[in-house]
Amino acid sequence: MAKLSSIAYYVTDKISSNDISLAEYVTTDCILQNKKGREVATNLPPQPCSLIRYQRGDVLIANIRPYLKKVWFADIDGGASPDVLVFRAKDGHSPSFLYAILLQDSFFDYVMQGTKGSKMPRGDKEQILRYEMPTFSCSEESIGTFFLNLDRKIHLNERINQNLPMLDRSLRVARVHHAV
């Protein structure tokens, strides 16, 4: 089995918090639990500081309380707080495949085995890179594309489901007006 380190590495490039907008800032708080992506942060750091420079196609994971399964496939460039791990696919490897690997429950279970601390456990960065990836017979690109499309459909369905009560109310009002 291949290790995660054979297809990805941690990003260490830095960017100043002064050089990004609120929409480009990622913290552990704005990455959503249970692999649901992210929301925009509520505020930038109060003091100028150095952040990890991520780019479109990187995979960001909150490293505090890994059992919350906070992961996001970056669709923009920006800066992340130090408690966010930024993974980048190595040359010749698919970013979407990397995302598919890091979405797996088995990955988060593995990270939890090496955590340090009890109240706010953190993943062990060296141990994480030793994660033994499952082997697949399909190409990285096809697997990655499948998972990205599936992820997008899940998020779209969640948004549709959130709007169903409002749509139901609108239809009831329309029926009442039509009956009058």
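Buried residues have under 20% relative accessible area, exposed residues have over 50%, and partly exposed residues lie in between (1.4 Å probe, protein chains only). The structure is a predicted model, in which local features need pLDDT of at least 70, side-chain atom pairs count only at pLDDT 80 or more, and totals for chains, interfaces and linings use all residues. Residues are numbered from 1 along each chain as its sequence is written, and side-chain values use heavy atoms, with hydrogens and water left out.

**View 1. The open sheet.** Four strands, in the order β2-β4-β7-β3, make up an open sheet with mixed pairing. Strands are DSSP runs of E with at least two residues, helices are runs of H or I with at least four, and both are numbered from the N terminus; two strands pair if DSSP finds at least two bridges between them. At the edges lie β2 (14-16) and β3 (25-26), each of which pairs on one side only. Strands β2 and β4 (residues 50-54) run antiparallel and are joined by three bridges, and S16 has S50 in β4 as its bridge partner.

**View 2. Aromatic pairs around strand β6.** Rings of Phe, Tyr and Trp (its six-membered ring) pair if their centres lie within 6.5 Å; planes under 30 degrees apart count as stacked, over 60 as edge-to-face and the rest as tilted. The rings of Y54 and W72 form an edge-to-face pair, with centres 5.7 Å apart and planes at 80°. Y54 belongs to strand β4 and W72 to strand β6 (residues 71-73), so this pair ties together parts 18 residues apart in sequence. Y54 is buried at 0% relative accessibility, and W72 is buried at 7%. F73 and Y99 form a tilted pair, 5.1 Å centre to centre with 45° between the planes. Both F73 and Y99 are buried.

**View 3. A charge over the ring of W72.** The charged end of R38 sits over this ring, 4.5 Å from its centre. The criterion is that NZ of Lys or CZ of Arg is within 6 Å of the ring centre and within 35 degrees of the ring normal.

**View 4. Salt bridges.** A salt bridge is a side-chain nitrogen of Lys or Arg within 4 Å of a carboxyl oxygen of Asp or Glu; the structure holds seven. One of them joins E132 and K3 at 3.2 Å, N to O. E132 is partly exposed at 42% relative accessibility, and K3 is partly exposed at 32%. Another joins K69 and D105 at 3.1 Å, N to O.
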